[in-house]
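Subject: The structure I promised you

Hi,

Here is the structure we talked about.

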Amino acid sequence: MSFEIDAYLRPHILKMPAYEPILPYDVVSQELNIPMEGIVKLDANENPYGPLPEVPERLAALGNLHIYPDPESRRVRDMLADYHQISTDNIVIGAGADELIDLIMRLVIDPGDVLINCPPTFGMYAFDGTLNNARVLNVPRLLNYSLELDGIAQAVIDFRPKLIYLATPNNPDGSLLSRETIEALLALPLLVVLDEAYINFSKQPEGWIQEVENYQNLIVLRTFSKWAGLAGLRIGYGVFPTNFVPRLMAAKQPYNISVVAEEAACTTLRTIHKVDRMTELIIAERGRLQDRLQAISWLEPYPSQANFILCRVLDRDAATVKMKLREQGILIRHFNTPGLTDHIRVSIGKPGDSDRLISALIKME
Ligand SMILES: Cc1ncc(COP(=O)(O)O)c(C=O)c1O
């Protein structure tokens, strides 16, 4: 019997382009024949300092790994409530902010419902929108990456979208949305999801979490991936209007957060002052790298409030620059998407990482 699997799949899934993930460290190391320690990884906005040493110590001592985790992740939610001075009842934990980006759509989107995406931005909003059979309506950012507010307001009238996702600071350019812009968006009849994955590196690290209680349509997402160095453990959180939380809790996978991830997050929150120190190092290095990139005649770096810097590449092919760096074990990001093909994005590493990057770029002069 011949069995045609495609005939059984949902039609919109067949049309979906695959997400292009970055290659794992060890695979790149093998491909390039360079040991992992020799690779400078500046392509995924990870924290070069990794977790605090207390985290692996605590994880090594962890018992009861044969027992399922708490479906309500009560310990870390209580600690986050304390940290942000909000109620535990407003917090939901996800396997990274990524899980929450998708979970919100699962609860909100019926097939064909509209969500607004403002590219260039984090690719998962459009990806999860397509996966959830939403109609993803792009309202592109202006040339300086600010939002086209009139276009968004018009789209709200014309298409009655249910959701808008906005990263602040935005990935890939690192710009922060202003208070006036966010207030204007919140006045529109749609759910506003502010993705604050990088907010700790910005000049307004308090972000919008405290404001959730003042609006019925505001959701704020955060992650332990970037700021706390836990990207590999997959843990993030969202702050939601109170009446949305029981719905999310009812719909999420019951054991989405592993015992290990929850413990790592709790340990991080107990030693938060050390994380803040790491953040300061990264912010200082961002300033230093910005100046050095600026000094390269064929690069135009954008100011950034995040742990990466986007640069326009002049007079040469950005994809080739990325490839040449890769051959030397220096990994950066290039995007094959409209408006970004002549750009590269570099994450902030340790000072030694910047040194290697800059000397390789200088040799390309
Ligand atoms: C804007 C933004 N949000 C969320 C994420 C993903 O966060 P997490 O690792 O918590 O899933 C990223 C990762 O690159 C990002 O750039």
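This is a predicted model: local features need pLDDT of at least 70, side-chain atom pairs count only at pLDDT 80 or more; totals for chains, interfaces and linings use all residues.

Residues are numbered from 1 along each chain as its sequence is written, and side-chain values use heavy atoms, with hydrogens and water left out.

Domains

The chain is split into domain 1 (5-50 + 273-363) and domain 2 (63-270); such bounds come from an automatic or database domain assignment. Their C-alpha centres are 23 Å apart. On the domain 1 side 30 residues take part in the contact, and on the domain 2 side 27 residues do (contact means heavy atoms within 4.5 Å).

The size of an interface is often given as the accessible area lost when the parts come together. Here the two domains bury about 2,300 Å² between them, 61% of it on carbon and sulfur atoms (the area lost is found with a 1.4 Å probe and summed over both parts). M16, Y19 and Q305 supply 27% of what domain 1 buries against domain 2, more than any other three residues.

Now look for the open sheet: seven strands in the order β2-β8-β7-β6-β5-β3-β4, with mixed pairing. (Strands are DSSP runs of E with at least two residues, helices are runs of H or I with at least four, and both are numbered from the N terminus; two strands pair if DSSP finds at least two bridges between them.) β2 (91-94) and β4 (135-138) are at the edges with a single partner strand each, so one side of each has no neighbour in the sheet. From one strand to the next, the twist averages 25°.

β2 pairs with β8 (residues 236-239) in the antiparallel sense, over four bridges, and I93 sits opposite Y237 in β8. Helix α4 (residues 74-84) packs on the sheet, where it touches β2, β7 (218-223) and β8, and its direction makes about 125° with that of β2 (axes are lines fitted to C-alpha atoms, for helices over the stretch in contact, and angles run from 0 to 180 degrees between N-to-C directions).

Side chains

The structure holds 21 salt bridges. One of them joins R58 and E263, with the closest N and O atoms 3.0 Å apart. This pair links distant parts of the chain, as R58 is in helix α3 (residues 54-60) and E263 in helix α10 (residues 259-270), 205 residues apart. Is E263 buried or exposed? E263 is buried, at 3% relative accessible area, whereas R58 is partly exposed at 37% (buried means under 20%, exposed over 50%, partly exposed in between, with a 1.4 Å probe and protein chains only). R58 and E263 also belong to a network of salt bridges with R75 and R270.

K41 and E46 form a salt bridge too (3.0 Å, N to O). K41 counts as buried at 18%, and E46 is partly exposed at 31%.

Finally, find T279 in helix α11 (residues 272-294). T279 is buried, with 6% relative accessibility. Not counting residues up to four places away in sequence, T279 touches N200, F201 and W227.

Cheers

Technical notes:
A salt bridge is a side-chain nitrogen of Lys or Arg within 4 Å of a carboxyl oxygen of Asp or Glu.
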